[in-house]
Amino acid sequence: MAVRAGVVVCVTSFLLGALFTHWIADSRTLWKSPITDEHLWIAASYYSILTKGPVHLLYFLSAIVLIGATTLFWSLGDAKAGNILFDGGSIFLFGMTVIMYLNSVLPNIFASFSILPSHQLVDPFPSGLKAVTVDVASSHLICSVALTGVLALQAGRFWAEKSDEDDVDAVLPEDVKAQSSKASSTK
């Protein structure tokens with residue numbers, strides 16, 4: 001049980017780390033005010049670099065996601081109440097992250113940033129590309145929050161299971177005492 005939770009936490013942490021590498025671009029479009037053409041060109045250039053990266057990285061990330069999803073579904077298969085609650089919520093958040101990334105982030109990055117026009121950082125940013133750039137950054141933020149929710153649910157699951165174990169340990173010594181007194185009275 002602990003191994004499965006450990007795998008889910010490690011996979012989720014790895015994916016969060018991968019999303020945090022986009023902070024150099026996302027922070028300029030989400031957290032800087034006002035958003036300047038320079039910020040948008042930096043973000044667009046970063047996304048353009050991602051489109052030219054080796055395809056093996058996408059395969060690697062896909063394998064990591066598959067390991068995490070498989071582990072979550074495997075853990076849900078125990079059909080314990082805690083697993084249904086915590087792992088069900090984790091599956092929902094994990095699944096929504098994967099769906100958002102596949103349907104929003106990757107298509108926008110590959111369709112809009114594969115070929116950027118020649119530019120200087122002070123050149124006006126194309127208005128049609130501005131909405132896509134902000135949308136990709138927003139999607140990264142939403143995915144990060146959802147994966148943080150998976151970590152919170154897994155921490156809650158650990159806490160709940162630990163609490164249950166403590167309750168059993170607190171009750172068990174009394175039961176053992178009662179059984180030992182019954183055994184000594186029959187002798």
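**Labels and their cut-offs**

Visitor: What should I know about the source?

Guide: This is a predicted model, in which local features need pLDDT of at least 70 and side-chain atom pairs count only at pLDDT 80 or more, while totals for chains, interfaces and linings use all residues. Residues are numbered from 1 along each chain as its sequence is written, and side-chain values use heavy atoms, with hydrogens and water left out.

Visitor: Which secondary structure elements does the protein have?

Guide: It has 6 helices and 0 strands, in the order α-α-α-α-α-α from the N terminus.

Visitor: Why is His 39 called buried?

Guide: Buried means under 20% relative accessible area, exposed means over 50%, and partly exposed lies in between (1.4 Å probe, protein chains only). His 39 has 14% relative accessibility, so it counts as buried. His 39 sits in helix α3, residues 37–51, where Leu 40, Trp 41 and Tyr 46 are among the other buried residues. Leaving aside residues up to four places away in sequence, His 39 touches Arg 28, Lys 32 and Pro 34; contact means heavy atoms within 4.5 Å.

Visitor: What makes Leu 141 partly exposed?

Guide: Its relative accessible area is 35%, so Leu 141 is partly exposed. Leu 141 belongs to helix α6, residues 127–186. With Trp 23, Trp 31 and Val 145, Leu 141 makes a nonpolar surface patch of about 450 Å².

Visitor: What makes a set of residues a patch?

Guide: Patch residues have over 30% relative accessible area and no salt bridge; like charges are joined within 9 Å, and nonpolar side chains (Val, Leu, Ile, Met, Phe, Trp, Tyr) within 5 Å. A salt bridge is a side-chain nitrogen of Lys or Arg within 4 Å of a carboxyl oxygen of Asp or Glu. Areas come from the Shrake-Rupley method with a 1.4 Å probe, and for residues only the protein chains shown count as cover.

Visitor: Where do the buried residues of α1 lie around the axis?

Guide: The buried residues of α1 include Arg 4, Val 8, Leu 15 and Leu 19. Exposed Ala 2, Val 3 and Cys 10 are on the face turned away from the buried side.

Notes: Helix = DSSP H or I, 4+ residues; strand = E, 2+ residues; numbered from the N terminus.
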